[in-house]
Amino acid sequence: MRVSKVLLATLATTAVLLAGCGASIDNETAGQVSSAAAPTVGTEQAFAVLGGTTVTNTGSSVITGNVGVSPGTAITGFPPGILTGVTHAADAESLQAQSDTTILYLDLASQPCTSDVTGQNLGGRTLVPGVYCSTSGLQLTGALTLDAGGVPGAVWVFKAGSTLITASSSSVLLTNGANPCNVFWQVTSSATLGTTTDFVGNIVALTSIALQTGAKLSGRALARNGAVTLDSNVITVPVCDVSATSIPPTLGKTFSPSTVNTGVVSTLTITLTNANDTIANLTGPLIDNLPSGLVVVDGSVRTTCMEPAPLSGWFIVDKGKVGLTAEGFIPANSSCTVTANVTAAAAGSYVNTLPAGALQTDHGNNPDPATATLTVQ
């Protein structure tokens, strides 16, 4: 059965190549969008990293998901890297995962283009669902936004005729219901994520994949024939098939003390709770807009919603906002918090609310708002 799937995908790929990319349209300007089809993901969905020859890690990488290699046998660098899944070196699981990765690769390659992005940098653009093709390499400098427009199950497929390369500090942002499970990068050669890149999607490369220092990936790094090289990275496999019995996360909020004098510090604590047996990965940023006049004390923000938990995982857009980036997660059957010291120069009652749906995860969004009031005398 698997052989027939590969054969069908190969024939479809040949048909697309014969048709050429010239028939594709730019769906940003044509006013019509042909959505990409969600490919079949097999046993490789359990793998955060899968290499063909080797998987090597340097530094304090944190990998949520399995790590495997086949037909190669070497997986090195764990520790110092932290792995929450299982390693599979040239065993039956990694062999099957590589077979399924080949099917996935050919499936993606066979999808007809809806937009030709040859020679274009993806940075600074907002793209709707579709199949974006380049007869040469794909380049990303800056931020690429993927906008689902509220369409459930929206899919993006990016097809690189050679390499995929991102510049340092580049990012892929998801909006309006976009799901990291439905973003795919089919790379005919090798992929390189530049330093501190914040990337999203399933990278399926024919040869190798390299994540440079500090790069983050919400998705998978699947290399068919070459190596996967890591250097102090964070890779998190999103939960793609959420059961109907999944429990949406909840939010709580307190001020301590709840009554202070003007200019005196109170500690704001936001509690994120996950009642599921698997971790809840954030699929979008969590931003708490403080009421006017209530400000965050510089350098006071802390979080336990990452492992390890760097302060850089949280960001303050300005003194009136506190937020968590989409790389955060809530541990299984547990809670995590963000805390920040806040003050107000004027007396009053400061009501701070995070609305329902503010916390977006792959187990659903918070169904109820979280509210706390700080009284300043």
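# Exercises on side-chain pairs and backbone geometry

K253 has a relative accessible area of 9%, so K253 is buried. The model behind these exercises is predicted.

## Exercise 1: The salt bridge of D298

How many salt bridges does the structure hold? Describe the one formed by D298.

Solution. 
- Step 1. Count. The structure holds two salt bridges.
- Step 2. Name the pair. D298 forms a salt bridge with K319, and their closest N and O atoms are 2.7 Å apart.
- Step 3. Locate the ends. D298 lies in the loop between β28 (294–296) and β29 (302–303), and K319 in the loop between β30 (314–315) and β31 (321–324), so the pair ties together parts that are 21 residues apart in sequence.
- Step 4. Classify the accessibility. D298 counts as exposed because its relative accessibility is 61%. Exposed means over 50%. K319 has a relative accessible area of 42%, so K319 is partly exposed.

## Exercise 2: Aromatic pairs

Classify the aromatic pair of Y132 and F158, then the pair of W185 and F199.

Solution. 
- Step 1. A pair of aromatic rings is described by the distance of the centres and the angle of the planes.
- Step 2. Count. There are three aromatic pairs.
- Step 3. Take Y132 and F158. Their ring centres are 5.3 Å apart, with 20 degrees between the planes. Planes under 30 degrees apart count as stacked, so this pair is stacked.
- Step 4. Y132 lies in strand β10 (residues 130–134) and F158 in strand β13 (residues 156–160), so the pair ties together parts that are 26 residues apart in sequence. Y132 and F158 are both buried.
- Step 5. Take W185 and F199. The ring centres are 4.8 Å apart and the planes are at 45 degrees, so the pair is tilted.
- Step 6. W185 is in strand β16 (residues 183–187) and F199 in strand β18 (residues 198–205). The two residues are 14 residues apart, and the pair links distant parts of the chain.
- Step 7. Check the burial. W185 is buried because its relative accessible area is 1%. F199 is buried because its value is 0%.
- Step 8. Join the rings. Y132, F158, W185 and F199 are linked by ring pairs into a cluster.

## Exercise 3: A charge over a ring

Which ring does the charged end of R224 sit over?

Solution. 
- Step 1. Name the ring. The charged end of R224 sits over the ring of Y105.
- Step 2. Give the distance. The charged end of R224 is 4.7 Å from the ring centre of Y105.

## Exercise 4: Backbone exceptions

Solution. 
- Step 1. Recall the background. Most residues other than glycine have a negative phi, and most peptide bonds are trans.
- Step 2. Inspect P71. P71 is in the loop between β4 (66–69) and β5 (74–76).
- Step 3. Inspect P80. P80 is in the loop between β5 and β6 (82–83).
- Step 4. Inspect S232. S232 sits in the loop between β21 (228–231) and β22 (234–236). S232 counts as partly exposed because its relative accessibility is 27%.
- Step 5. Inspect N333. N333 is in the loop between β32 (329–330) and β33 (334–344). N333 has a relative accessible area of 49%, so N333 is partly exposed.

Methods. Residues numbered from 1 in each chain as written. Predicted model: local features only at pLDDT ≥ 70, side-chain atom pairs only at ≥ 80, totals over all residues. Heavy atoms only, no water. Phe/Tyr/Trp six-rings, centres within 6.5 Å; stacked < 30°, edge-to-face > 60°. Helix = DSSP H or I, 4+ residues; strand = E, 2+ residues; numbered from the N terminus. Buried < 20%, exposed > 50% of the residue type's maximum accessible area, 1.4 Å probe, protein only. Lys NZ or Arg CZ within 6 Å of the ring centre and 35° of its normal. Salt bridge = Lys/Arg side-chain N within 4 Å of Asp/Glu carboxyl O.
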